[in-house]
Amino acid sequence: MRLVPNSLHDEVAATLREQIFDGTLAPGSFVDEVTLCERLSISRTPLREALKVLTAEGLLRHEPRRGCFVNEVTERDLDEIFPVIALLEGRCAYEAARNASDAELNELDALHERLVRYAKARRINDYYATNHIIHEAIIKLADNKWLALVIGDLRKILKLARLQQLHAPGRLDQSLSEHLAVFAALKARDSEGADAAMRTHMTRQREALREVMQQQKSRVMP
């Protein structure tokens, strides 16, 4: 099947987005259009359209007469984003508590059982993956496309930080406790409680990230 122009620039954007997230295109690095065109075997037009998409998402920044650079997430960015995403995901939990069927709550129950097992076994990567699935499930249960859209955009920016808050001392057990509190409120159909528990969970994520960043800075200081 022949690619149409729109799907081509979408594919290029997806490729570059993944390279940004995996660190191939490092934070602060210059996006070399000539090299990328050669590497991806494409012309400048779809590449530039893809760069516009990633700039709109906040993953790149465009500097006049210089070109595009991979964005860097600062402490201020994190301080500004986390209160917003806490409110948004809290609202998702609120609406999920009202919307979820018994069958959907049973599926969430199974995911939380996995989360407990991974926490006890200290399998952090598996915990992260299941944690992500649970958050996505709650967003889906909220059934609000605007919430999902804005949260998705903010998560892309947070992903640039490439920090793992579960490495903060005691954070894994704390995170599990927070997740179980959210789920308990969902099962009780307690919308306000689910909202508050999710906002607490997200706020403590920011606190843990701050601690991890401080630890990293202390290691590189002479």
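**View 1. K156 and E57 meet in a salt bridge, at 3.2 Å from N to O.** The pair joins distant parts of the chain, 99 residues apart. K156 sits in helix α7, and E57 sits in the loop between α3 (44-56) and β1 (60-63). A salt bridge here is a side-chain nitrogen of Lys or Arg within 4 Å of a carboxyl oxygen of Asp or Glu. K156 counts as partly exposed, at 21% relative accessibility. E57 counts as buried, at 14%. Buried means under 20% relative accessible area, exposed means over 50%, and partly exposed lies in between (1.4 Å probe, protein chains only). The model is predicted: local features need pLDDT of at least 70, side-chain atom pairs count only at pLDDT 80 or more, and totals for chains, interfaces and linings use all residues. Residues are numbered from 1 along each chain as its sequence is written, and side-chain values use heavy atoms, with hydrogens and water left out.

**View 2. R155 and E89 meet in a salt bridge, at 3.2 Å from N to O.** R155 belongs to helix α7 and E89 to helix α4. The two residues are 66 residues apart, so the pair links distant parts of the chain. E89 counts as buried, at 2% relative accessibility. R155 is among the buried residues of α7. The structure holds 21 salt bridges.

**View 3. R206 and D79 meet in a salt bridge, at 3.0 Å from N to O.** R206 lies in helix α9 (residues 191-220) and D79 in helix α4 (residues 75-99), so the pair ties together parts that are 127 residues apart in sequence. R206 is buried, with a relative accessible area of 5%. D79 counts as partly exposed, at 34%. Both residues belong to a network of salt bridges that links E75, D79, R206 and R210.

**View 4. Helix α7 covers residues 145-161.** Helices (H or I, at least four residues) and strands (E, at least two) are DSSP runs, numbered from the N terminus. This helix has 17 residues and reaches 25 Å from its first C-alpha to its last. That is close to the 24 Å expected at 1.5 Å a residue. The expected span is 1.5 Å times one less than the number of residues. N144 caps the N-terminal end of α7. A side-chain oxygen of N144 lies 3.0 Å from the backbone nitrogen of W146. Buried in α7 are L147, I151, L154, R155, I157, L158 and L160.

**View 5. W146, L149 and V150 form a nonpolar patch on the surface.** Together they have about 320 Å² of accessible area. Areas come from the Shrake-Rupley method with a 1.4 Å probe; for residues, only the protein chains shown count as cover. Patches are made of residues with over 30% relative accessible area and no salt bridge: like charges are joined within 9 Å, nonpolar side chains (Val, Leu, Ile, Met, Phe, Trp, Tyr) within 5 Å. V150 lies in helix α7. V150 counts as partly exposed, at 37% relative accessibility.

**View 6. Helix α8 covers residues 171-187.** The helix has 17 residues. Its reach from first C-alpha to last is 24 Å, close to the 24 Å expected at 1.5 Å a residue. Its buried residues include R171, E178, H179 and F183. Just after α8, R189 takes a positive phi of about 60°.

**View 7. N71 lies in the loop between β2 (67-70) and α4.** A polar atom of the N71 side chain lies 2.8 Å from the backbone oxygen of G58. The side chain of N71 also reaches the backbone oxygen of L60, at 3.5 Å. Not counting residues up to four places away in sequence, N71 touches P27, G28, G58, L59, L60, R61 and L160. Contact means heavy atoms within 4.5 Å.

**View 8. H9 lies in helix α1 (residues 5-21).** H9 is buried, with a relative accessible area of 13%. Its side chain makes a polar contact with the side chain of D10, at 3.3 Å. A polar contact is a pair of N or O atoms within 3.5 Å; within protein, one must be able to donate a hydrogen and the other to accept it, and residues adjacent in sequence count only if both atoms are side-chain atoms. Leaving aside neighbours within four places in sequence, H9 is in contact with P46, E49, A50 and V53.
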